[in-house]
Amino acid sequence: MWPTLKNDNFLRACLRQPTDHTPVWLMRQAGRYLPEYNATRTQAGGTFMGLATNVDCATEVTLQPLQRYALDAAILFSDILTVPDAMGLGLSFEQGEGPRFAHPVRDEAAVARLAVPDMAKLRYVFDAVTSIRKALAGRVPLIGFSGSPWTLACYMVEGAGSSDYRRVKTMLYARPDLMQRILEVNAQAVTTYLNTQIDAGAQAVMIFDSWGGVLADGAFQRFSLEYTRRVLQGLQREKDGARVPAIVFTKGGGPWLDEIAASGADVVGLDWTVNLGAARARVGARVALQGNLDPSVLFAPPDVVAREAVAVLDSFGAPQRADRGWDGHVFNLGHGISQFTPPEQVAVLVDAVHAHSRRQRLVR
Ligand code: CP3
């Protein structure tokens, strides 16, 4: 039904199978640092949701970075906040201000009203997945994604981004029963949302726990990881005879590496504060690792970008091992690419990753 995959290095690295180079893709690889993205966005009426809800536009912008760079995976163009929007919270993106919800979930009555949304409201996302998978024509695999139950709860309670997470943390400590009910609904919604993306054609899925790292030790396990684990348990892990890898990225999750690696994820995403070699030594036999170049490196001159990419690859080391098969490394940034990144720097990065990782495979 789907065309044969021509470049499966990304899926193979996720599953700790041999690869001919280290696959690379970048969080937020489709976005405002690309002039062609901004042009399509203007054409679509100037709003992010205008782009995301139009299947042809979403397909076009997903493919834009792949036309410029030799990336090894595509990621669905959408947003994590589509799920609370479908719950009726009223999402908008104000120019230069980030996301905002008209109806944040702040009291007992709002929590009681919360329910898993009808997936028909998210049809535009699933249609985009199928359209993108077709347009890719087997070039590289397509990653679907969702926010973690906790990260979605942060936006749902705060009503927008936050610098101190005051409202959501107040609820967590003062009314853990309300927080747990939000997280239960979110976990069910995210599970169904990701499973429907897999049915629509997503070949891997990623859970963004962008704000797990703001939690205290103990609270992280109870309010973030526990619900991510429930999602992972409910995911279909095979589709059309192929394993569908699940990636969990917790920004600031370094202190809980072992626990995240034991959550049921195939791949653990790491930010730039973590030493890849040390992480590999601890959990590399159980999960693949994704990361972790500091996105700010892309502001430096090209020779620095290439050198820092090599440093990340060398920190992980050659993926083949003498004592057991292969360990998995997917090269990525430690967080999303900045809108101020000069596009030509990304080409330098991708080419450096491919060239140096091929060299790493020659030395035994
Ligand atoms: O990676 C990709 O290329 C796929 C698309 C994608 C977007 N958002 C597009 C987007 C993905 C995977 C996301 C995930 C997302 N969205 C996260 C988790 C990842 C992370 O960065 O931690 C979060 C926390 C959000 C919420 C969100 N969406 C914020 C905070 C913002 C505004 C911040 C900003 O960069 O302005 C968005 C808007 C958004 N989502 C944009 C894009 C390309 C910019 C919107 C625009 O065009 O104006």
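Predicted model: local features only at pLDDT ≥ 70, side-chain atom pairs only at ≥ 80, totals over all residues.
**Charged pairs**

Side chains of opposite charge can pair when their charged atoms come close. E226 does this with R229: their side chains meet in a salt bridge, at 2.8 Å from N to O. Both residues sit in helix α11 (residues 219–234), three residues apart, which is about one turn of the helix. R229 is also partly exposed, with a relative accessibility of 27%.

Which parts of the chain are linked by R175 and E108? Their side chains form a salt bridge too, at 3.2 Å from N to O. R175 lies in the loop between α9 (166–174) and α10, while E108 lies in helix α6 (residues 108–113), so the pair links distant parts of the chain, 67 residues apart. R175 is partly exposed at 31%, and E108 is partly exposed at 46%. These two residues also join D177 in a network of salt bridges.

A further pair is R100 with E97, whose closest N and O atoms are 3.3 Å apart. R100 is partly exposed, at 35% relative accessibility. The count for the model comes to 13 salt bridges, and the table gathers three of them.

| Salt bridge | N to O distance |
|---|---|
| R229 and E226 | 2.8 Å |
| R175 and E108 | 3.2 Å |
| R100 and E97 | 3.3 Å |

**A hairpin**

Strands β2 and β3 run antiparallel and are joined by four bridges.

The largest pocket holds about 1200 Å³ of space. Its lining has 37 residues, and R28, R32, F48, D79 and F93 lie nearest the centre. The elements giving two or more residues to this lining are α2 (35–43), β2 (91–94) and β3 (98–101). By class, the lining has 17 nonpolar, 14 polar and six charged residues.

The second largest pocket holds about 410 Å³. Of its 22 lining residues, L11, R133, Q203, K239 and A242 are the closest to the centre. At least two lining residues come from each of α1 (9–14), α10 (176–200) and β7 (242–243). Here the classes are eleven nonpolar, four polar and seven charged residues.

Definitions and conventions: Residues numbered from 1 in each chain as written. Heavy atoms only, no water. 1 Å grid on protein atoms, 1.4 Å probe; cavity = no way out; pocket = protein on both sides within 12 Å on 5 of 7 lines; lining within 4 Å. Points joined across faces, edges and corners; volume = space filled by probe spheres on them. Nonpolar A, V, L, I, M, F, W, Y, C, P; charged D, E, K, R; others polar. Pairing = 2+ DSSP bridges. Salt bridge = Lys/Arg side-chain N within 4 Å of Asp/Glu carboxyl O. Buried < 20%, exposed > 50% of the residue type's maximum accessible area, 1.4 Å probe, protein only.
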